[in-house]
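User: I'm new to this one, could you walk me through it?
Analyst: Gladly; have a look at it first, and then ask away.

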Amino acid sequence: MPDIATLLPLVGLLVVTSAFAGLIAGLLGVGGGIVLVPAFLFTFETLGYGSPQVMQICLATSLATIIVTSIRSVLSHNRKGAVEWAILRAWAPGIAIGALIGVLTAARLRSDFLQALFGCIAIFLGLYFAFGRRHWRLSDAMPGGLMRAILSPVVGFLSVLMGIGGGSFGVPMMTLCSVPIHRAVATAAGFGLLIALPSVLAFLFVPVPAAVRPPLTLGSVNLGAFLIAISMTLITAPMGAKLAHAVDEKTLRRSFAVFILVVAANMLRKSFF
């Protein structure tokens, strides 16, 4: 175990980061994984647990937090009648299959490759938050048939490789297909559960060598980081949802875009140098 002088500041960092992740989730309808994964990575590497498997631990632990937050979010949105259950039912099989393929893929990739992938996709998301417009439309309805069969596994697959829930991909996709934003946010919370539940169950069977495994790690899920993160996100996510009505959305989205782009650039730097 690391000494207390090293551990306490890192625990404090996780507490603050998790609180911020919850606020962002409530404010923008995106999961906190895009904030939590880099925080977990920094913590584990600082504690001396950097290894080719460290990103698997970060992804799995982030996804574990999404199970809890997604259940709470879906139940809350459902009480307001905002969840599009028809979309969830239609997209569920493909998303779950894509998530499982994502776990199988992540288990075979090195940490530096996963960091580079995280950075590349995060840059795309950051640019969307910076320059995307709510009035943009690609379709008058959600895709069905072959297009849904292609897109739904892609959403699950990429989300697992990022350690994020359904909001970062699901909300833009649904709004571009004419789903009202509040219903898109509510339904994307269900996407998060469809992604996180099967992937975390699979990650429990992805072993990490004992020499590089942080304490309290079950399979690839670190229970200590999970408990810290979930204790804060459950408190701050409802606060973020309330603040969403009081903060200028354009300024908020662009500020978050800058944050994501900085995180993405740092991930790419670490993966290549």
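**A first residue, then the whole chain**

Analyst: Ser70 is buried, at a relative accessible area of 6%, where buried means under 20%, exposed over 50% and partly exposed in between, with a 1.4 Å probe and protein chains only. This is a predicted model, in which local features need pLDDT of at least 70 and side-chain atom pairs count only at pLDDT 80 or more, while totals for chains, interfaces and linings use all residues. Residues are numbered from 1 along each chain as its sequence is written, and side-chain values use heavy atoms, with hydrogens and water left out.

User: Which helix is Ser70 in, and what does Ser70 touch beyond its neighbours within four places in sequence?
Analyst: Ser70 sits in helix H3, residues 54-79, helices being DSSP runs of H or I with at least four residues and strands runs of E with at least two, numbered from the N terminus. Leaving aside neighbours within four places in sequence, Ser70 is in contact with Ala189, Gly192 and Leu193, contact meaning heavy atoms within 4.5 Å.

User: And Ser111, buried or exposed?
Analyst: Ser111 is buried, with a relative accessible area of 3%, and belongs to helix H5, residues 111-131. Not counting residues up to four places away in sequence, Ser111 touches Ser51, Pro52, Gln53, Val54 and Met55.

User: Zooming out, how many helices and strands does the protein chain have?
Analyst: The protein chain has 10 helices and two strands, and their order along the sequence is α-α-α-α-α-α-α-α-β-β-α-α.

User: What is the radius of gyration of the protein chain?
Analyst: The protein chain has 18 Å, which agrees with the value near 19 Å that a compact globule of 273 residues would have; the radius is taken over C-alpha atoms, and the globule rule is 2.2 Å times the number of residues to the power 0.38. Along its principal axes, the C-alpha trace spans about 55 × 40 × 35 Å, and 51% of the 273 residues count as buried.

User: Switching topic, how many disulfides are there?
Analyst: A search of the whole structure finds zero disulfides, a disulfide being a pair of cysteine sulfur atoms within 2.5 Å.
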